[in-house]
Amino acid sequence: MKNVDMKRDGDRLVITVDLSKDFGESKSGKSITIASTEGNISVPGDEEVKIGLNVYRKK
């Protein structure tokens, strides 16, 4: 994962992303990656629930 912090708070999933970060261009070159789970991953504390997250800004 890049710049993604996830924690479970009871029945809620709390996701924290630092929007000031920059990981360079996306593969397509059309956007700048801010955060990513880099594919689908399990939610902390629940292997059956999956999340896939990409946070980006246009170039």
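A polar side-chain atom of Thr37 sits 2.6 Å from the backbone oxygen of Gly39. This is a polar contact (a pair of N or O atoms within 3.5 Å; within protein, one must be able to donate a hydrogen and the other to accept it, and residues adjacent in sequence count only if both atoms are side-chain atoms). The model is predicted: local features need pLDDT of at least 70, side-chain atom pairs count only at pLDDT 80 or more, and totals for chains, interfaces and linings use all residues. Residues are numbered from 1 along each chain as its sequence is written, and side-chain values use heavy atoms, with hydrogens and water left out.

**Overall build**

- The chain has 0 helices and 6 strands. Both are DSSP runs, numbered from the N terminus (helices: H or I, at least four residues; strands: E, at least two).
- The order from the N terminus is β-β-β-β-β-β.
- Along the principal axes, the C-alpha atoms fill a box of roughly 35 × 20 × 15 Å.
- Of the chain's contacts with a separation of 6 or more, 41% are between residues 24 or more positions apart. Contact means heavy atoms within 4.5 Å.

**Surface and charge**

- The chain has 59 residues, and 25% of them count as buried. Buried means under 20% relative accessible area, exposed over 50%, and partly exposed in between (1.4 Å probe, protein chains only).
- The accessible surface is about 4,500 Å², with 46% belonging to carbon and sulfur atoms. Areas come from the Shrake-Rupley method with a 1.4 Å probe; for residues, only the protein chains shown count as cover.
- There are 11 positive and 10 negative side chains. Lys and Arg count as positive, Asp and Glu as negative; His and the chain ends are not counted.
- The centres of the two charge sets lie 8 Å apart. Each charge is placed at NZ of Lys, CZ of Arg, CG of Asp or CD of Glu.

**Strand pairing**

- Strand 1 (residues 5–9) and strand 2 (residues 12–16) run antiparallel, joined by 5 bridges. Two strands pair if DSSP finds at least two bridges between them.
- Arg8 stands opposite Leu13 of strand 2.
- The hairpin of strand 1 and strand 2 has 2 residues between the strands, and Gly10 there takes a positive phi near 65°.
- Strand 3 (residues 31–36) is mostly covered, with 6 of its 6 residues buried.
- Strand 3 also runs antiparallel to strand 6 (residues 54–58), again with 5 bridges.
- Ile32 has Arg57 in strand 6 as its bridge partner.

**Around Thr37**

- Thr37 belongs to the loop between strand 3 and strand 4 (41–43).
- Thr37 is buried, at 2% relative accessibility.
- A polar atom of the Thr37 side chain also lies 2.9 Å from the backbone nitrogen of Leu53.
- Beyond its neighbours within four places in sequence, Thr37 contacts Met1, Val4, Ile51, Gly52 and Leu53.

- Most residues other than glycine have a negative phi.
- Asn3 is not a glycine, yet has a positive phi of about 60°. Asn3 lies in the segment before strand 1 and is buried, with a relative accessible area of 19%.
- Glu38, also not a glycine, has a positive phi of about 60°. Glu38 lies in the loop between strand 3 and strand 4 and is partly exposed, with a relative accessible area of 48%.
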